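This report goes through one protein chain, topic by topic, for a reader who is new to structures. Please keep the sequence and the 3D view at hand while reading.

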Amino acid sequence: MHGVGQILLQNRAGVLDAWLAHLRDAAPAARPASLQLLKLELGTLVEKLTAYFLASDGEGAGAAFRTLEEQAATISAACARDGLTPMETATLILALKAIAGGLLNREAGNGITEPDQARAALDAAVDKLALITFATFVETREEIIKRQGRALLDLATPALPIWRHIILMPLVGIIDTQRARQVMEWLLEALAREEAHIAILDVTGVPLIDSRVALHLTKTVEAARLLGSRVIVTGISPDAAQTLVKLDVDLSSMITRGTLRAGLAEAFWLLGENARGPAGTML
């Protein structure tokens with residue numbers, strides 16, 4: 001489809017201007033800075049689309065289309081990060097079909113060979129770009145959601161050194177199996193990193209403590225013990241305590257205190273005991 005490439009090459013600036021005008025009419029509230037950046041990105045896309053059709057009769061068509069796909073994916077990822085919807089992003093690309101297609105129709109009488117095949121080839125290329133755009137948009141949004149989830153977990157599960165050899169990990173929110181594993185991993189890493197002897201796990205902000213959560217807590221206590229550290233669990237509510245008793249959960253290996261203040265006092269006492277050797281001598 002050499003004719004399509006030549007027409008796009010001769011009218012590339014006009015296609016880009018018409019495309020941007022269409023987008024401004026469709027989204028008049030768009031920020032000027034966003035439109036300026038979009039102009040650069042769409043200009044590159046038109047350039048690569050032109051190069052693809054110019055190379056479509058030769059061996060370089062496959063490589064040219066791959067670079068075109070990469071540019072469409074870059075635009076889609078930027079749209080996802082800017083908060084556009086999948087429909088808005090797909091419409092952004094599909095608008096090119098009507099604009100460039102109208103140009104082909106106007107040029108049909110100016111020597112373009114097989115205009116129907118040229119239009120079909122253009123439509124097929126833009127449709128494929130729209131599919132690539134949608135797939136990239138979904139992947140980018142999923143990655144953003146995953147990063148946000150990890151950031152929320154980091155905020156909800158900090159390991160804070162509050163005294164020499166004492167760290168505090170306040171837990172907030174629901175603790176499921178995945179998060180329980182992360183709690184254990186991050187606590188053990190913090191114990192090793194801070195060379196801590198005592199870790200305080202405060203569960204005041206955990207609304208539900210069932211047998212599964214209790215099991216993960218006991219595993220965390222045992223893992224910390226293998227590192228030579230002690231774990232104090234604080235903040236178990238009266239309702240949670242009754243639930244654990246009814247479930248017959250064995251917490252005998254776990255040091256528990258009702259409040260964070262009591263847990264901190266216990267940590268200082270344990271730290272003092274660990275610092276003393278036989279007959280009260282300091283180790």
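## Salt bridges

Glu194 and Arg193 form a salt bridge, in which the closest N and O atoms are 3.5 Å apart. The model is a predicted one, and the distances and areas given in this report are computed values. Glu194 is partly exposed, its relative accessible area being 33%, whereas Arg193, with a relative accessible area of 52%, is exposed; the cut-off for exposed is over 50% relative accessible area.

The structure holds five salt bridges, and another one of them brings together the side chains of Asp127 and Lys97, with 2.5 Å from N to O. This pair links distant parts of the chain, since Asp127 belongs to helix H6 and Lys97 to helix H5 (residues 86-107), and the two are 30 residues apart. Asp127 counts as partly exposed at 32% relative accessibility. A further salt bridge joins the side chains of Arg257 and Glu266, at 3.0 Å from N to O. Here Arg257 counts as partly exposed, at 31% relative accessibility, while Glu266, at 15%, counts as buried.

## The chain as a whole

The chain contains ten helices and five strands, and 39% of its 283 residues count as buried. Its accessible surface comes to about 15700 Å², and carbon and sulfur atoms account for 57% of that area.

How much of the contact in the chain, counted at a separation of 6 or more, comes from residues 24 or more positions apart? Such residues account for 72% of these contacts.

## The sheet and its order

Strands of a sheet pair through backbone hydrogen bonds, and the pairing can be either parallel or antiparallel. In this model, five strands make up an open sheet with mixed pairing, in the order S1-S2-S3-S4-S5. Strand S1 (160-163) and strand S5 (255-257) are the edge strands, each of which pairs on one side only. On average, neighbouring strands of this sheet are turned by 30° against each other, if direction is ignored.

Going along the sheet from S1, one finds that S1 and strand S2 (residues 166-172) are paired in the antiparallel sense over three bridges, and that Pro161 stands opposite Ile167 in S2. S2 and S3, in contrast, run parallel and are joined by six bridges, with Ile167 standing opposite Ala199 in S3. S3 and S4 also pair in the parallel sense, over five bridges, and in this pair Ile198 stands opposite Arg230 in S4.

## Helices that connect the strands

Between S2 and S3 the chain crosses through H7, and this β-α-β crossover is right-handed. Helix H7 (residues 177-194) packs on the sheet, where it touches S1, S2, strand S3 (198-205) and strand S4 (230-234), and its direction makes about 165° with that of S2. Another right-handed β-α-β unit is made by S3, helix H8 (residues 211-226) and S4.

## A buried threonine in a helix

Thr140 is found in helix H6 (residues 115-156). Is Thr140 buried or exposed? Its relative accessible area is 13%, so Thr140 is buried, given that buried means under 20%. When its neighbours within four places in sequence are left aside, Thr140 is in contact with Ala77, Ala80 and Arg81.

## Two loop residues with positive phi

Most residues other than glycine have a negative phi. Against that background, two residues deserve a look. His165 has a phi near 75°, a positive value in a residue other than glycine, and His165 lies in the loop between S1 and S2. Although it lies in a loop, His165 counts as buried, at 18% relative accessibility.

Glu195 also has a positive phi, near 50°, and is likewise a residue other than glycine. Glu195 lies in the loop between H7 and S3, and with a relative accessible area of 58% it is exposed.

Conventions
Residues numbered from 1 in each chain as written. Predicted model: local features only at pLDDT ≥ 70, side-chain atom pairs only at ≥ 80, totals over all residues. Heavy atoms only, no water. Pairing = 2+ DSSP bridges. Helix = DSSP H or I, 4+ residues; strand = E, 2+ residues; numbered from the N terminus. Axes fitted to C-alpha atoms, helices over the stretch in contact; angles between N-to-C directions. Contact = heavy atoms within 4.5 Å. Buried < 20%, exposed > 50% of the residue type's maximum accessible area, 1.4 Å probe, protein only. Areas by Shrake-Rupley, 256 points an atom, 1.4 Å probe, with all protein chains shown as cover. Right-handed = clockwise from strand over helix to strand, strands pointing away. Salt bridge = Lys/Arg side-chain N within 4 Å of Asp/Glu carboxyl O.
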